[in-house]
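Q: Hi! Could you walk me through this one? I'd like to start with how the terms are set.

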Amino acid sequence: MSVNAAPNGLKQMTSTCRILELNEANLEHCKQLLQAGQVVGVPTETVYGLAGNALCESSVRKIFEVKGRPLIDPLIVHFASIRAAEAHVVFNDAARELAAKFWPGPLTIVLPKKDSISDLVTAGLTSVAIRIPGHPIFRSLLDRLDFPLAAPSANPFGYVSPTRPEHVAKTLGEFVPAVLDGGPCMHGVESTIVDLRDAASPKILRPGPISAEALGISSENSIESTDERAQAAPGMMTQHYSPNTMVKLFEHSGQPTSISRHDAVLYNTKPATQVSEKTYWLSESGDTREIAHNLFSMIQKLDGLNYHCLHIERVTESGIGIAVNDRLSRAAARRSN
Ligand code: TXA
Ligand code: MG
């Protein structure tokens with residue numbers, strides 16, 4: 001896809017989607033689109049979101065339609081402040097504590113909803129997932145609006161999440177008028193989701209940039225089994241985050257087996273030997289945060305290169321590495337199930 005520079009800081013895509021650099025006029029333009037019920041691509045510190053007015057039924061419906069997302073998969077609602085969230089959600093002390101520590105940031109908290117949040121947003125659940133994002137562009141958009149923004153990751157349902165504005169324009173550009181350009185997302189994997197409906201028994205529904213240890217939650221309270229997860233967080237399917245190319249995983253520090261000449265291999269770091277043009281790596285130093293940051297972008301790049309299979313190395317199972325391995329397992333599940 002060609003991206004041509006155009007005047008007034010606007011890059012015109014071959015689709016109808018415009019990638020807008022950060023300036024006052026472009027923020028105002030996105031605010032107006034959202035007020036008119038449109039959806040807009042926005043950068044967050046995790047992945048790009050597809051934002052729409054969370055209090056407007058037709059905007060929410062548009063989000064589901066554009067993503068091709070089933071209505072059983074509830075959306076995260078993003079607020080400018082805890083005060084703004086309190087109008088729509090019932091907080092408890094445990095939630096306040098984590099919010100004070102981690103918001104704005106990559107933490108999503110599931111709490112009982114008030115009537116102002118529609119069943120469409122929550123897929124009929126009595127709870128709602130909420131987050132105060134840390135990205136300055138998303139925050140300045142929220143500050144300008146008098147409604148919260150529902151925003152799932154801005155990818156077609158089931159595909160790899162976008163970590164650059166070009167990913168949104170390429171996969172959803174036909175249906176999204178604009179994406180605000182925040183460059184590559186810092187974390188590169190989606191927020192950690194914690195269910196705090198029962199303050200005495202917090203549960204991690206999705207691992208993310210904030211680890212169980214940092215949250216002070218026992219990792220035994222992470223929901224692992226597919227059935228349990230599907231009940232606790234509908235839409236969190238085993239098969240997700242999948243590129244079109246087949247994915248096979250191999251152990252951390254190990255080697256892939258049975259590679260064909262049409263396959264690519266993706267390591268954590270540059271391997272000491274056997275580097276060919278079909279060998280890729282995610283980090284110079286092996287730092288897990290850097291691996292997470294580059295992961296989805298690299299997978300989307302490799303997905304466009306006509307390989308038959310991507311052999312991807314798992315990462316060390318700690319910190320954000322738990323989230324990386326979770327996304328990798330689900331990317332690979334599609335073909336092995
Ligand atoms: O980092 C993120 O969380 C990004 C950015 C844009 O904020 N958003 C994101 O949204 O990843 P999405 O829709 O791709 O994933 C959110 C997941 C859903 O799949 C759903 O399972 C879960 O959150 N979820 C939403 N509401 C829920 C609820 N009330 N109870 C349990 N799980 C819920
Ligand atoms: Mg998603």
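A: Happy to. Buried means under 20% relative accessible area, exposed over 50%, and partly exposed in between, using a 1.4 Å probe and protein chains only. This is a predicted model, where local features need pLDDT of at least 70, side-chain atom pairs count only at pLDDT 80 or more, and totals for chains, interfaces and linings use all residues. Residues are numbered from 1 along each chain as its sequence is written, and side-chain values use heavy atoms, with hydrogens and water left out.

Q: Great. So is C309 buried or exposed?

A: C309 counts as buried, because its relative accessibility is 3%. C17 is buried too, at 0%.

Q: On to the ligand. Which residues come nearest to ligand 1?

A: T46, R69, H78, S191 and R206, out of 28 residues around ligand 1; a residue is near if one of its heavy atoms lies within 4 Å.

Q: And what polar atoms does H78 put there?

A: A polar side-chain atom of H78 sits 2.8 Å from an oxygen atom of ligand 1. R206 has a side-chain N or O atom 2.9 Å from a ligand 1 oxygen atom.

Q: How much of ligand 1 does the protein bury?

A: The protein buries 97% of the 680 Å² that ligand 1 exposes when taken alone, with areas from the Shrake-Rupley method and a 1.4 Å probe.

Terms used: Chains lettered and ligands numbered in written order. Polar contact = N/O pair within 3.5 Å; in protein donor to acceptor, adjacent residues only side chain to side chain.
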